[in-house]
Amino acid sequence: QVSLVESGGRLVQAGDSLRLSCAASGHTSNMFGVAWFRQGQGKESEFVAAIPWIGGNALYGDFVKGRFTITADNTKNTADLQMNGLKPEDSAVYYCATTYDVPIGSHLSDYQYWGQGTQVTVSS
């Protein structure tokens, strides 16, 4: 059993920066990867970023374009998503997820545990 809780989402203006956090609890020691997905209004879920809990190379979605950075700290069981240069099209509910699978993936089906999400709204 693994639980994930996201935090940090809020209303911001275009060009602002925001850091989201994901806190994991429960039996997390055998989880390999952690990821962020997002889902905008009326849109399908979209892969944002993923990284192994032990660190290493991260994967990023095609639309991130260098603006976002994912980090993981397995000492604290937390994973953050630093978002810079936010745009209105970044508005979405952002979800944290974790997986047993190796290597990390970019698809919804790659992940077994999900948080409730945190709302990010970027105004123009």
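Met31 sits in the loop between S3 and S4, where strands such as these are DSSP runs of E of at least two residues, helices are runs of H or I of at least four residues, and both are numbered from the N terminus. The model is predicted, so local features need pLDDT of at least 70 and side-chain atom pairs count only at pLDDT 80 or more, while totals for chains, interfaces and linings use all residues. Residues are numbered from 1 along each chain as its sequence is written, and side-chain values use heavy atoms, with hydrogens and water left out.

Is Met31 buried or exposed? Met31 is buried, with a relative accessible area of 6%; buried means under 20% relative accessible area, exposed over 50%, and partly exposed in between, with a 1.4 Å probe and protein chains only. Leaving aside neighbours within four places in sequence, Met31 is in contact with Val2, Trp53, Thr98, Thr99, Tyr100 and Tyr113, contact being heavy atoms within 4.5 Å. One of these partners, Tyr113, is 82 residues away along the chain, and the C-alpha atoms of Met31 and Tyr113 are separated by 9.7 Å.

The next topic is the nonpolar interior. A nonpolar core is a set of buried Ala, Val, Leu, Ile, Met, Phe, Trp, Tyr and Cys residues joined through side-chain atoms within 4.5 Å. The largest such core has 27 residues, of which Leu20, Trp36, Val48, Phe68, Leu81, Met83 and Tyr94 touch the most other members. Two or more residues each are given to this core by strands S1 (2–7), S3 (18–26), S4 (33–39), S5 (46–52), S7 (68–73), S8 (78–83), S9 (92–99) and S11 (118–123). S3 gives the largest share, four residues. Apart from this core lies another, of seven residues, including Ala35, Ala50, Ile104 and Tyr111.

The link is left-handed, with -75 degrees about the S-S bond. Cys22 lies in strand S3 and Cys96 in strand S9, so the pair ties together parts that are 74 residues apart in sequence. Both cysteines are buried, and for Cys96 the relative accessibility is 0%. Beyond four places in sequence, Cys96 is in contact with Leu4, Glu6, Cys22, Val34, Ala35, Trp36, Tyr113, Trp114 and Gly115.

Asp90, in the loop between S8 and S9, also counts as buried, at 0% relative accessibility. Asp90 touches Arg38, Arg67, Phe68, Gly85, Val120 and Val122, with residues up to four places away in sequence not counted. Asp90 and Val122 are 32 residues apart along the chain, and their C-alpha atoms are separated by 6.8 Å.

Two details of the backbone follow. Most residues other than glycine have a negative phi, and most peptide bonds are trans. Asn77 is not a glycine, yet has a positive phi of about 55 degrees. Asn77 is found in the loop between S7 and S8 and is partly exposed, with a relative accessible area of 25%. Val102 and Pro103 are joined by a cis peptide bond, with omega about -5 degrees. Pro103 is in the loop between S9 and strand S10 (113–114).

On a 1 Å grid over the protein atoms alone, a cavity is a set of points where a 1.4 Å probe fits but cannot get out, and a pocket is an open set with protein on both sides within 12 Å along at least five of seven lines; lining residues have an atom within 4 Å of a point. Grid points are joined across faces, edges and corners, and a volume is the space filled by probe spheres set on the points.

The whole structure has one cavity of 30 Å³ or more. The largest cavity holds about 40 Å³ of space and is lined by Arg38, Glu46, Phe47, Val48, Phe63, Val64 and Phe68. S5 provides the largest share of this lining, three residues.

The largest pocket has a volume of about 220 Å³. Its lining includes Arg38, Glu46 and Phe63.

Technical notes. A disulfide is a pair of cysteine sulfur atoms within 2.5 Å.
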